[in-house]
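Here is a friendly walk through one protein chain, from its overall dimensions down to a few single residues. Keep the viewer open as you read.

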Amino acid sequence: MGERVALGTFPLTDRLVFLVFIILVAIPILSPIGLPIPVTDATKKSFKLMDSLKSGDILVMCFEQDMGTFYSGAPPDEAGLRHAFTLAKQRGVKVILFGTSSAGCKVYIDAILMDTKPYWEPLRYGEDWVNFGWLPGFETAMAGFARDVQGTCKVDVYGKRVEEIPMMRGIKTLSDVTGIWYSTNTNPDMLPRQWSPLEYKGLKWTICQTLFASVPWIMPYVDKGSITGYVADQRGAGEYEMLLGKLGMGATFMDAQSLGHLYGIALIVMANVHYLYTRSKTSKSKEEK
């Protein structure tokens, strides 16, 4: 058994170092600062694609996520949702939400909707946006949606039949959809395989929201045009929020990370200054003796 170490055995200086670190990280959690970060071309492109939507355009947001990756997937997805709902309110864009990966994605969608409530609450459900929750079948469901939207999305999360939802009446196949925001924490291959803008005339673009580790995975698809753009993880969320002008979880995490890094650099500088000062003082003491 390992021996327990009491907090009081640590020197006061060590405890102060960690206390200051905790305070610095807590500041952006309480209120995002919005420290400047370079916005990548990929995020700029994705933002412009979303912002190109106009009245009557159909946006599908498919979330292949669950609560296990909430703090990686939710920041960019919430930024995308805020943008989508803002466009629905200002321009009349229609927004369709669902996920197909597992039953856990239904809980994930509910969680990000809870965080974006001020943006969708003023909208008319069934006319401006609709939530179909979990569509079982994973890639089979994606293929079914592409060929037969009405047959795949039979009821929404409230049990309302698709025929009774006004905004769904003219949406028959993927060719009736203008753009797709596809969020995944696993395999992005299903997006270009089933929902490629190269295969469906009405589909103008697709955005893949994914983990940083998956960016090299999707780049061949981006280069060929079967995926139009991408937003990567918490960093992408922070960039997207800066472009949107609405700070959220992405800015919070990036602020905390930036402050932590700056604090680490400051500690290294102070430690070296202290070391050089002590060394100089010791040398002078030896010379005097």
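## Overall picture

The protein has 11 helices and 6 strands. Please keep in mind that this is a predicted model.

How does the radius of gyration compare with that of a compact globule of 289 residues? The protein has 24 Å, whereas such a globule would have a value near 19 Å. Along the principal axes, the C-alpha atoms fill a box of roughly 95 × 40 × 40 Å.

## Surface and contacts

Of the 289 residues, 46% count as buried. The accessible surface of the protein comes to about 14900 Å², and carbon and sulfur atoms hold 61% of that area. If you look at contacts with a separation of 6 or more, 75% of them come from residues 24 or more positions apart.

Let us turn to the strands β1, β2 and β3. Strand β1 covers residues 58–64 and runs parallel to β2, with 5 bridges joining the two. Within this pairing, Val-60 stands opposite Ile-96 in β2. On to the next pair: β2 (residues 94–99) and β3 also pair in the parallel sense, over 4 bridges. Here Leu-97 has Asn-131 in β3 as its bridge partner.

How many residues of β2 are buried? The count is 6 of 6, so β2 is largely enclosed by the rest of the structure. In a regular strand, side chains alternate between the two faces of the sheet. In β2, Lys-94, Ile-96 and Phe-98 point one way, while Val-95, Leu-97 and Gly-99 point the other way, and all of them are buried. Strand β3 (residues 129–134) is mostly covered too, with 5 of its 6 residues buried.

## Helix α3

Helix α3 spans residues 70–91, which makes 22 residues.

What follows α3? The next residue is Gly-92, whose phi is positive, near 85°.

How many disulfides does the structure hold? The number is 0. Cys-62 is in no disulfide, and the nearest cysteine sulfur, in Cys-105, is 7.6 Å away. A disulfide needs two cysteine sulfur atoms within 2.5 Å, so the 7.6 Å between the sulfur of Cys-105 and its closest counterpart, in Cys-62, is too far for a bond.

Are these two cysteines buried or exposed? Cys-62 is buried, with a relative accessible area of 0%. Cys-105 also counts as buried, at 0% relative accessibility.

## A proline in helix α9

Pro-220 lies in helix α9, which takes in residues 215–224. Is Pro-220 buried or partly exposed? Pro-220 counts as partly exposed, because its relative accessibility is 48% and that class sits between the 20% and 50% cut-offs.

Technical notes: Residues numbered from 1 in each chain as written. Predicted model: local features only at pLDDT ≥ 70, side-chain atom pairs only at ≥ 80, totals over all residues. Heavy atoms only, no water. Buried < 20%, exposed > 50% of the residue type's maximum accessible area, 1.4 Å probe, protein only. Expected span 1.5 Å × (residues − 1). Rg over C-alpha atoms; globule rule 2.2 N^0.38 Å. Contact = heavy atoms within 4.5 Å. Areas by Shrake-Rupley, 256 points an atom, 1.4 Å probe, with all protein chains shown as cover. Pairing = 2+ DSSP bridges.
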